[in-house]
Amino acid sequence: MSELFSEMKERTSVHFSWRRVWIAISILFFIIFLAVGVVMVQAKVYEGRVLPGIYIGKVAIGGMNRSELEDFLQSMNNKLLDEGFNFSLDTNGKTEKFFLSPVIVTEGTAIELMSIDVKKEVDRLINYGKTGDVIDDLVAFEKLRFEKPSVKLENILTEHDKLRSEIVEKLFDYEKNPQDAGIKINSVSSLKYEVVSSTDGIVFQYDDLIKNLEASWAVLEVPDVKVEYKKISPTLKEEQVQNIIFRLPAVFENGNLTITYKDPETKRASEWYL
């Protein structure tokens, strides 16, 4: 029985061997150095290219070299200029749509109201995620490969004042100032009058509209912007006018009124009679 036990123990025992340990360690280090070497080679390859996995909005640009990226951004700039700016405005229960060209011509000169600074963007995107430190760049290289980040263009050139002026002209018929309530005198002798109702004003947020246009271009999308507006309440409302109507008879009890205005520049006086 003891012989059988000894034989089974001998068969199941594992002999320790330093040779096997060193082989296992060597294989492990070889795999590590091979992986690092591959990543370093890839990092060298991408030295003059956009790192892999990078998108602008929904468009992949990873792996593009400087020339390819410059051609691509210039092509997208031209496309966005051709497509123009699209706006929609909800007013009086319906949606009004209008188009604005980003290129205006004055005295034979074409002015781009918005454009991509291609050179600056190429420099920025080629260096995106690169620090110059080997270890940091290796980590960033692998991180970007799996995360696939979406970046936005940061160098959009906007002729802000001219663009604002063009949008103001497009929305001129829709914008209005608030109107105060008042009293319209129809007859002084018999003191006939009517109360003029107040109305709210509509003011558009032009700076926000321009920011929305730039945000669309930053992800290479054709702008389709909903025009938001702000209602402005009048200073004087009907209730306030009603509170002073009882004073009207006292105003006209001594007959007609004379209103005199003297121009501060010409010194000429003008008079109106009520």
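Predicted model: local features only at pLDDT ≥ 70, side-chain atom pairs only at ≥ 80, totals over all residues.

Q: Which residues make the contact?
A: From α6, they are His 160, Leu 163, Arg 164, Ile 167 and Val 168. From α7, they are Tyr 206, Asp 207, Leu 209, Ile 210 and Leu 213.

Q: And how do they split by class?
A: The contact of α6 with α7 has 7 nonpolar residues, 1 polar and 2 charged.

Q: Staying on α7, what about Ser 216, buried or exposed?
A: Ser 216, which lies in helix α7, has a relative accessible area of 14%. It counts as buried because that value is under 20%.

Q: What does Ser 216 touch, leaving aside neighbours within four places in sequence?
A: Ser 216 is in contact with Glu 221 and Pro 223.

Q: Where does Leu 220 sit?
A: In the loop between α7 (206-218) and β13 (224-226). Its relative accessibility is 9%, so Leu 220 counts as buried.

Q: What is its phi?
A: The phi of Leu 220 is near 60°, a positive value in a residue other than glycine. Most residues other than glycine have a negative phi.

Q: Change of topic. How do α3 and α4 cross?
A: Helix α3 (residues 66-83) and helix α4 (residues 118-126) have axes that come within 10 Å and cross at roughly 135°. That angle makes α3 oblique to α4. The crossing of α3 and α4 is right-handed.

Q: Which residues are involved there?
A: On the α3 side, Arg 66, Leu 69, Glu 70, Leu 73 and Gln 74. On the α4 side, Val 118, Glu 121, Val 122, Asp 123, Leu 125 and Ile 126. The residues of this contact divide into 6 nonpolar, 1 polar and 4 charged.

Q: Zooming out, how many helices and strands does the protein have?
A: The secondary structure comes to 9 helices and 16 strands.

Q: What share of the protein is buried?
A: Buried residues make up 28% of the 274 residues. The protein exposes about 19100 Å², and carbon and sulfur atoms supply 54% of that area.

Q: Last one: what share of the contacts between residues at least 6 apart in sequence join residues at least 24 apart?
A: In this protein, 66% of them do.

Notes. Residues numbered from 1 in each chain as written. Heavy atoms only, no water. Axes fitted to C-alpha atoms, helices over the stretch in contact; angles between N-to-C directions. Helix = DSSP H or I, 4+ residues; strand = E, 2+ residues; numbered from the N terminus. Parallel < 35°, antiparallel > 145°, perpendicular 65-115°, else oblique. Left-handed = near helix turned anticlockwise from the far one by under 90°. Contact = heavy atoms within 4.5 Å. Nonpolar A, V, L, I, M, F, W, Y, C, P; charged D, E, K, R; others polar. Buried < 20%, exposed > 50% of the residue type's maximum accessible area, 1.4 Å probe, protein only. Areas by Shrake-Rupley, 256 points an atom, 1.4 Å probe, with all protein chains shown as cover.
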